[in-house]
Each structure stands twice: as structure tokens, then as C-alpha cells.
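These are my notebook entries from a first look at this structure. I wrote down what I looked up, one topic at a time.

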Amino acid sequence: METNKRSIRRTLLMTGSLALIAGTLSGCFDDDDQQPDPTPTMAPSPTPTQTTYDVTPCLQQEVAPGVSVAGLIVPDTLTLDLSGTSGFPNGRKLSDPVIDVTLAVIFLDLGTHSATTLAGLPLNPPSNDVAFQSSFPFLAPPQGSPPVTTATGTTFTFRSSSPDQYTRVDRMGMPAVSTALIGSDTKVAYNDADPADDASGTFVPELTEQLTGLTNALADDLVAAGLQPCATATTAS
Amino acid sequence: MQHKKTIAAVAAGLTLAIGGAALMPGLGLVAADHLDPPSRTDPSVDSTPDRAADIADLFAWHDADNVYFIMTFAGPQATDQPATYDPDVLYTINVSNDSPRTTADFPIYVRFGAGSGSNEYGVQVSGIPGTSGPIEGSVEKTLTQEGATVRAGLFDDPFFFDLQGFKDTASTGTLSFDSSRDFFAGQNLTAIVISIPRDRIENGTSPIDVWGTTARIGGQM
């Protein structure tokens, strides 16, 4: 298992994802203003400025030994370590509370809190509204009384077009990464891209910017709730 | 049980300091992947949304014997609506079991096709390692071939999330998740479920990476 995790880490380092993230962050934590100047300027402002945060520690913290948050979301794939126990973020089972776990690992200091802290509250519904099946096909039957497709057919006509003749519409790996950490302007490009683009760092600035924006809005509230954010304050009003 | 379990227990003071507009600059934490990207799949944004090609969720897990993949799509929808089997959409579950993790060592392709009778639809799953050819058969039927098992059909939407709570959080500036409120409850969607013997995917200690894609013949709607 350790070998496997080392392998994941090694691969990430090879792709340069973490290095790119770190490099991008230095110019990004100051919000959208592109002010890399390390010396804060105290220009008069009609409204008080808000505390801003550096999310580098959030991206670098480990969810499991050798598996960083950055490594989970870049590239955007579900990753299975077959030697370990199945369950998000080691793959994703139907019953996993993925949103609460995701929110925890991107916002909370995992040195202080468990990745299941928010799921333990819980913040969102902890389970599906109907029970999953314990064996194949696992999903629950459809609810209500929908029209049922006849299951007796034996002869069907399928397209034989090669995959390259189709035009991409949608892509998904990790739950909620595309929806939560990619802004509207970048969504189409993100869905048209592939994990190789993720690994090359194409979307790291966007992911970092969105996470920074969310953190700037929520960090004070997390603190007020007795939770320790993973992000560190960089400027204060 | 409609009482709010917000997170009052955690903090009375969990009130956002700023408004929702600032909280969500261009964001829409709508779901796992339902209605994303909005400009192609969300009817509130796109006049010709591609429901069929809209991935809702992707699941991948393993046990001692098999690795399981589920891709859900075309949902959530009301429980009086039929399944979606669009022959013009190619569904791909990309699987990498070797370095680099970003290359699909075996893409699994799923296509739907009309049957000879009315209300008949078939599913074709190709690319499953260890199979000599595509697995083909009717939807709503469990199909087994050379150790692999597949089934396409209409199912309950398995995702659970308080979408309303998120919207309220955004519009009021007050965190108001309610764990007893599940937007996806009582809704259905279409799905493909695949079971593959683990030894056909396992590759020493290499991690297994999985991602889903959809594509439409003739370009986007």
C-alpha cells in the first residue's frame, strides 16, 4: 500500500502538478488583483478590506499518507488503491458522503480535524433517500411508476462510428470539482479537456482562485464555529 | 422530520460575513456533475440542453472479487418519466491502470440502439478487458459475458445533497444546510452499471484512475 501511495506521489511530482500549484499560488492568493508585491499597500478604501487567505496549506495537506488534496483534484479522476479499503476518496461508493468530505478536506485543517468532521454533523443529508441494493446492480430501483422499457428485445442497431467522430459534451472524475471549483467562464474548456491537461497544470490557477474566493468568504465563519481552517490569513482589515 | 439540523449545534454564528454574490463568483455548486457544463446541459441556461449526454455522477469501487463502475446520466428527473437511451451519444468510462495515470489504458465504450420492436432499446458495452467482443443486449436486463456483468436502465438517482440549502446560503449569506432535505430524493435517472473481475484491472501496485466522458455524434446540440 505504501508503495502504491508513493507511486501516486511520484507520479504527481513527475507531472509537476504540485510545483505548478505552488508557483501559481504565490501570485494568486491576493485575490484577483494580481498584486504580487509582498508589501501591502494601505491605499484608502471606502469599505474595509476583508481578510484574505492563502490556500496553499489546504492543497498540500494530506488526506492519507502520500495523498494530498491537490493530488486528489489534479488530475480530476477517481483514484482507486486496490490494496486499501474502498470508499471515498479511495474510489467512490454509492453511499459515500462525498460533498461533506470534500468540503472538509478543502476547508479544514486535517491536522486538527478529521476528513469526516462535516459528514459527522452532518452538514448535508448523510445517505440516500432509499436504500441501495447490496448486490449488482447496487442502485435502487426507479421510484414512482415510470414507463418501463421492454426488456425482451434481442436485435438492436448500434452506431459503429469511431470515438473520434463524436464531439465531447461532458466530463467527470471527482464529484463536484467541475461544478464547485471551476468558474462559469472555464466550465466548457474544463469539460472539453482531459486529465492530461489537468496534470499539466492548465486549470490550477482556476482551481486555486475559486478555492481562495470561497475560503475568503467562509474562513471567518469556520473559525466562529470552532473549526480550524487549513488556509492561513495573509492580510487583515 | 423537517426541523432544521442546520449546523446550529456547531455554530450559532455561522453567518457569512458577505453576500452570496461574492461567495459564488461564477460558481454553481449544483450537484456532483448534474447539469454541468450549464451552457450545454442546463435548461435554465441552454435552450437546447443535451440531457442524454449530461453525466450526473461517476462511481468506482472495488471488493475482493470485482471492480465496479457506475455512470449515471440524464437526470435527475420526475418519477413519471422514462429512461433516456440516445443512440447518438457515446458514453466512455476511461480506466488507467499504468503510468501515466492520465492515459486511458482501456476506455470502456457504452452505446444505445433502438430495437426492432417499439419500446425496445439495447445497450452495447465494448472495451471491457478480457472479453472477446462487445456485450450486447436489452436494457433493463442484467447481461453477463466472460465474467463481466453490465446493466443499463432507469434507476433512483443515488446522489444526496441539500441543493436548496446551498442556494439559500448563496442568496441570504447565512449558511443554512439542512441535512434532512435532499434535493435528489424521489427522482430518477438513467445509468450504466459495470462489474469487471478485479484481476483484469489490477496491475501490481499501480493506482487505478477512472473518469467519465460523453460525446455526441454530429456535434453538440
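This is a predicted model: local features need pLDDT of at least 70, side-chain atom pairs count only at pLDDT 80 or more; totals for chains, interfaces and linings use all residues.

I count two strands as paired if DSSP finds at least two bridges between them. Helices (H or I, at least four residues) and strands (E, at least two) are DSSP runs, numbered from the N terminus.

Residues are numbered from 1 along each chain as its sequence is written, and chains are lettered from A and ligands numbered from 1 in the order in which they are written.

Entry: pairing across the chains. I found strand 5 (residues 156-157) of chain A joined by 2 bridges to strand 4 (residues 106-115) of chain B, and the two run antiparallel. Ala114(B) is the bridge partner of Thr157(A) in that strand of chain B.

Entry: the interface. I call two residues in contact if their C-beta atoms, placed from the backbone, lie within 7 Å. On that count 103 residues of chain B touch 87 residues of chain A. Strand 10 (residues 208-217) gives the largest share of the chain B side, 10 residues. I sorted that side into 49 nonpolar, 32 polar and 22 charged residues. Here Ala, Val, Leu, Ile, Met, Phe, Trp, Tyr, Cys and Pro are nonpolar, Asp, Glu, Lys and Arg are charged, and the others, Gly among them, are polar.

Entry: chain B. I listed 3 helices and 10 strands, in the order α-α-β-β-β-β-β-β-β-β-α-β-β. Of its 221 residues, 52% are buried. Buried means 20 or more other C-beta atoms within 10 Å of a residue's own, exposed means 12 or fewer, and partly exposed is in between, with C-beta atoms placed from the backbone.

Entry: Which residue in strand 2 (residues 66-77) of chain B did I note? Ala74(B) lies there, and has a positive phi of about 55 degrees although it is not a glycine. Ala74(B) is buried, with 25 other C-beta atoms within 10 Å. Asn119(B), in the loop between strand 4 and strand 5 (121-126) of chain B, has phi near 60 degrees. Asn119(B) is partly exposed, with 14 such atoms within 10 Å.

I also noted cis peptide bonds, each with omega near 5 degrees, from Phe88(A) to Pro89(A) and from Phe136(A) to Pro137(A). Pro89(A) sits in the loop between strand 4 (78-80) and helix 5 (98-107) of chain A.
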